[in-house]
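Trainee: I have a structure open and I would like to learn how to read its features. Could you walk me through some of them?

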Amino acid sequence: MARRFINYNGEILEDTTSVLSIANRGFKYGDGLFESMRMGNNKLYFADLHAERLQTGMRTLKLEGYSQIDAYFLKDKAEELCKRNKIGQNARLRLTVFRDAGGLYTPDKHQHAYALEVQALDSPLYKINGKGLIMDIYDEIPKAVNKLSNLKTCNALPYVMAGIYKQQMQLDEAFILNQNGFLCEAISANVFLVYNGQIFTPALSEGCIGGVMRNVVMQLAKENNIQIVEAEINPEILNQAEEVFLTNTSRGIQWAMGFNKKRYFNEIARFFVDKLNEKLK
């Protein structure tokens, strides 16, 4: 079995190396952020958007040195790690940034550290799922709406619990509601829906993650003179929508086939997948 490597705070190490102490704040308090990224044809997709989101999150968490995590840094470290792992031109990466400090709830300093890991992918292109997703609403633990809601933090318990529900109910994905009972997002993606020919997505003020692919899809819509309305969305509309699709950087755009007895189409989802791949060529 080929050895695999990670980048831990600038040092390339085997992925079996013990690097975290019991005092690590990411482990003890979820005191950090992470970014899922994708590389195709040896190019890190949307590096500027990932860097902007990371820097915004680091500023929000009062982490020092956020300006170091720029697009050049992300591209350089991604290429370096792919090369060390003898991965071809296509890969999925996760960068975790955490507060490198002691203390209990109150940290004694605010410098950051990071860990980067990588997995090989077969293709540089995004592919729409052949079989549509079967989904339902997870409403046991609504997502809070606050200053942290739009960030991809290391505190992921609501998503973990929704994932357990998905598993128990034999679903492909699950919708998550916010504290006010409105549609927020899915377990690992942002949500878009088509209703009466109009595309809607939960506004950032509804507490959803400020997804990079969400941003990209909205830009693609603008470039093609398609309006997307960011709104407060009653989940009841899922029973009437013509189409529902999910977005994240790792998988691109996935269409949902069913919710309750409702069945959806995938015309708009396919359109955006085509436009996305055209943009990346």
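Trainee: Let me start with D31 and R99: are they buried or exposed?

Mentor: Keep in mind that this is a predicted model. Buried here means under 20% relative accessible area, and both D31 and R99 are buried.

Trainee: What do D31 and R99 form together, and how far apart are the closest N and O atoms?

Mentor: They form a salt bridge, with 2.6 Å between the closest N and O atoms. The two partners sit in distant parts of the chain, 68 residues apart: D31 is in the loop between α1 (25–29) and β3 (32–40), while R99 belongs to strand β5 (residues 91–99). R25 joins D31 and R99 in a network of salt bridges.

Trainee: How many salt bridges does the count come to?

Mentor: The count comes to 8. One of them pairs the side chains of E14 and R3, at 3.0 Å from N to O. E14 is in strand β2 and R3 in the segment before β1, so this pair ties together parts 11 residues apart in sequence. E14 is partly exposed, at 29% relative accessible area, and R3 counts as exposed at 52%.

Trainee: Which residue forms a salt bridge with K279?

Mentor: That is E223, and the closest N and O atoms are 3.2 Å apart. Since E223 lies in helix α5 and K279 in helix α6 (residues 267–280), the pair ties together parts that are 56 residues apart in sequence. E223 has a relative accessible area of 44%, so it counts as partly exposed; K279, at 40%, is partly exposed too.

Trainee: You mentioned α5. What length is expected for this helix at 1.5 Å a residue?

Mentor: The expected span is 16 Å, and the 12 residues of α5 (residues 212–223) reach 17 Å from first C-alpha to last, which is close. Its buried residues include V212, M213 and R214. Just after α5 comes N225, with a positive phi of about 55°.

Trainee: Can we try α3 next? Which of its residues are buried?

Mentor: They are A71, F73, L74, K77, A78, L81 and C82. These residues cover an arc of only 160° around the axis, so they are on the same side of α3. On the other side, Y72 and K83 are exposed. After the helix comes K86, with a positive phi near 55°.

Trainee: Now the surface: which residues make the nonpolar patch of about 390 Å²?

Mentor: The patch is made by I141, L157, V160, M161 and I164. Helix α4 (residues 157–168) gives the largest share, 4 residues. I141 is in strand β7 (residues 133–143), and its 33% relative accessibility makes it partly exposed.

Key. Residues numbered from 1 in each chain as written. Predicted model: local features only at pLDDT ≥ 70, side-chain atom pairs only at ≥ 80, totals over all residues. Heavy atoms only, no water. Patch = residues over 30% accessible without salt bridge, like charges linked within 9 Å, V, L, I, M, F, W, Y side chains within 5 Å. Areas by Shrake-Rupley, 256 points an atom, 1.4 Å probe, with all protein chains shown as cover. Salt bridge = Lys/Arg side-chain N within 4 Å of Asp/Glu carboxyl O. Helix = DSSP H or I, 4+ residues; strand = E, 2+ residues; numbered from the N terminus. Buried < 20%, exposed > 50% of the residue type's maximum accessible area, 1.4 Å probe, protein only. Arc of directions from axis to C-beta. Expected span 1.5 Å × (residues − 1).
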